[in-house]
Amino acid sequence: MEEIRMLLVDDEDDFRTTLANRLKLRKIDIMDAGSGNEAIELIRQKPFDVAVIDVKMPGIDGIETLKQIKQIKPAIEIIMLTGHASIESGMEAMKLGAYDYVMKPCDIDELLVKTGEAYQHKLLKEKEK
Amino acid sequence: MFGLKRFFKKLLKDDTKKVEQKVTVEALRNTFTNRYLNFKTLLSTNNKVLELITDMEETFSGSRTFGMSFIRANCTAISVNMYKIISCLNEIADNKYKELPLILEGILPKIDRELQQKKLETGSELVLPLESIDKTMADHVGAKMANLGEVKNAVGLSVPEGFVITSAAHERFMKYGNLQDEINRRIQFLEPADIARLHETSFYIQNLIAAAPCPPELEDAILNAYNDLMEKAGHGFHVSMRSSALGEDTRDASFAGQYRSVLNVSRENLILSYKEILASKYSVPAVSYRLNKGFRDEDIIMCVGCMTMVDAKAGGVMYSADPGNIRHECIIINAVWGLGKSVVDGSMAQDLFVLSKKNPKIILKKEISAKKQQLVSGALEGTRLANITEEQASKSAITYEQAVLLGELALCLEKHFGAPQDIEWAFEPDGSVLILQSRPLMVSDKKPTGINDISESKVDLPVILTGGVTASPGAASGPAFVVETTVDMLQFPPGAVLVARNPLPKWAALLNSAVAVITDKGGVTGHMAAVAREFKVPALLGTSTATEHIRNGDLVTVDATGCAVYAGKAESFLEKEAEKTSLMKGSPVHNTLGNVLKYIAPLNLADPDASDFTPEGCRTIHDIIRFAHEMSLHELFGFKKDASSLEHLARRLVINVPMQWWVVDLGGGCREGMQGDTIGLEDITSVPMLILWEGITAVPWKGPPPIDTKGFFSVMYGATMDRNLVPGIRSRYADRNYLVISENFCHLSSRFGFHFSTVEAFFGEKVAENYICFNFNGGAADDVRRARRTELIKLILEKFDFWVQIKGDTLFARLERQEVPFLKERLKVLGHLVMHTRQLDMVLSNSERVNKYVEKILKEVSSFVDVSQ
């Protein structure tokens, strides 16, 4: 069975690797990046369906990463993760084309459902062309 | 993951096998599938937002305690989902509604401003003297200190002098050390089961906080407040420092003993102790409790109360009620020599006094234990154990008069706060009493109190039933009122005993007016039970036979604690229900919720035919949802110029039912290789569609069947009738039934006049994925008739276990995560309703007729639906 190709971007190593491992167990083909720059590099090199990006990161932050990824590969669907519910940052993310904006702590099953939806959305867009 | 990829691929695949079909048809099918899936997402997002709004409205008018984080989280979720709705609509409609995002962006900043204003309102003071604190300031000083301020300033009882290091101080501290991001990263996705990592993380974070520098202005503020305190108090140079967390009171949760309190702290150690208490937010039990109970880490903010250290001769804790058995009308006091802390942690032998609640002068029980040691303030710092003289050891730590005085204080506090209280107190050497803490007593914590042998009274009334489980202890008496439907809810008389078959969460809304709850089914861990405890309403669940034995209006006495129901009123042991008062109303947080709701909840766009039914006419979030919903239907099923894909994809169902039904197969819903414009029922392989069809056709519809044969875009059945109903308003839509199907899936869209309904069902391989749902949009016709019809549908669906919600002119009902056989029977009910409620507007001239039709429909349904499933 094909797996959804996901890029997980978070600067916190523990959180990122734990989540990545758990997603791997649930049949997500996952790669992870510890910074926005690293993520953008990976995006240039490899194909992904969905990227999950933490909003708050040192260096180039999640919103900037979202913006750049959308420029490089607009087809990738992006789910933003945030520890702080904020209308303003939610608006910004959605305006920049994020598929969803999810508040932490986010249940892994919920994240999987959103990932599935985002993936479906990507397929739809591809189909349209 | 759930074969999701495969599922979607399948849903979207090119049917290469059907080479005989024209490529254009396939392209159309793809376009339609795309638009249809966007429509589905729009509908479910629409419902999600309506639920969020309802949640906010119910919270606003209810008595549940909530904080800013609740409002912020809901508003953010609404904002994000609104973007999704608009983007779905634009994908369906080829970007026709470009101005909608701008309309949304005109509203959202207004909501955001309300939230930000509030944040400043919480106050910027880093410390606050106890004199200036009352119960409304929980966001600033934490619930514990807000209550203590209330005790001092509103109730007028003696409490130690002191001040609070506020939530603003905590925020300042965390910001100064740039700690929160690091902590968030460590704490998120921790699992309570992973004990090792839990300990490691807890240790790491606590060290991080303890080692972090205190902002100089905060340090100054704390030390200055301390100096002021010493000047004012004039005695004692040490303080006790107690955690007073914010956000811990948001649910039925005690958080008891999770955070640190430090006694007898000198000036030198103030800052260190302050940091220790802040760090205790991340103690292992605190972190795992939050994880287990679903509390958000960032919602807990630690305020710290600093009060002059009391030189307690005797101290302890009292409950203004027996948490284990509320039937015992008593006040429970535990007392020790010295500091009362040893009562709290149960570390030493203690005296027990049980006083009558009716008359605290009456001592029901007294146990004096042999006390060997007492906890006292250390000479320099902290506390120490001191030996007790032999003479003192066998003596009661408090006198009879003192016990009575405490009892009276307990009653006074319970009355003021409107709920039983858990109170910490101390007697000073001069005999004066101080209240150190008063907080709501968690009667759900049924610790054995060891006083079960008190029996103030006996009941000699006829027993109606015994058994069941005590979901919320207590006893109450009142007329029974059996609740089966939402209409029953509306008629529920205040002061009645709620009797129901199932403890559905929605009945919880009645707990403000019900004196007790009895159900046939259900258990202690259910939502209703939790809310009953939170509301302190006695609840006896799972009695099996309550609805069988109890009739409306019967006067009953419910002894939830003793698991029995008696006929009549047993005056002798009825709990004096503490008056329920909402402490939230009027608080800044409550007002903020009210303010943001003004931009969210009102519905101004009801009539799709009105001239202001435009993007510009949308003034609230609800307006935008309404508009987007209506337009998505219009775009998908109301084709105007691009009468393309549906015409080619849909096949007319050839069937002996007086209406036109069109079927669109997304794949696997019909026999392979079908061609032509029509399809027979025997060609359908979609399981949910066949079941739905069974419901639609089980009882022949006897109304006037104006079969329309003019073609696809002509007005089908019913519009004429509705126009007659609503003279002067013309239907803007043709009436159509579309069935969008696949093997496991069926979606029916029907429009009759102004009413639009969808039925959707998915029967998958996994129970967790199964659902059926029903949306009914009443349109803009006649408010009263519309309400009656919606009410009628709700009444019926609730009888079949549906979760039903009405928001504005939309009814939505759902059943999910159930076995397929269970869902099948209920899907038939939906089929019947779609078919047989259409003509009812005409006849629902008064509410009595509603009941008549409910009975009629239930009778019809019972002929083909097996409810035992």
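1. R5(A), D49(A), K122(A) and E126(A) are joined in a network of salt bridges. A salt bridge here is a side-chain nitrogen of Lys or Arg within 4 Å of a carboxyl oxygen of Asp or Glu. Over all chains, that rule gives 34 salt bridges.

2. A word on the basis. This is a predicted model, in which local features need pLDDT of at least 70, side-chain atom pairs count only at pLDDT 80 or more, and totals for chains, interfaces and linings use all residues. Side-chain values use heavy atoms, with hydrogens and water left out, residues are numbered from 1 along each chain as its sequence is written, and chains are lettered from A in the order in which they are written.

3. In chain B, E51(B) pairs with R814(B) in a salt bridge, with the closest N and O atoms 2.8 Å apart. E51(B) sits in helix α2 (residues 23-61) and R814(B) in strand β30 (residues 810-816), so the pair ties together parts 763 residues apart in sequence. Helices (H or I, at least four residues) and strands (E, at least two) are DSSP runs, numbered from the N terminus. E51(B) is partly exposed, at 24% relative accessible area. R814(B) is partly exposed too, at 25%. The cut-offs: buried is under 20% relative accessible area, exposed over 50%, partly exposed in between (1.4 Å probe, protein chains only).

4. E798(B) and K794(B) form a salt bridge, their closest N and O atoms being 3.9 Å apart. Both lie in helix α23 (residues 783-799) of chain B, four residues apart, about one turn of the helix. Both E798(B) and K794(B) are buried.

5. Now the interface. Contact (heavy atoms within 4.5 Å) involves 46 residues of chain A and 41 residues of chain B. The area buried between the two chains is about 4,200 Å², with carbon and sulfur atoms giving 60%. Buried area is the accessible area (1.4 Å probe) that two parts lose on being put together, summed over both. In chain A, I87(A), L124(A) and K127(A) lose the most area to chain B, together 16% of what that side buries.

6. Four salt bridges cross the interface of chain A and chain B. One links E105(B) to K95(A), with the closest N and O atoms 3.9 Å apart. On the side of chain A that touches chain B, α1 (13-25), α4 (87-95), β5 (100-103) and α5 (108-128) each supply at least two residues. α5(A) gives the most, with 12 residues.
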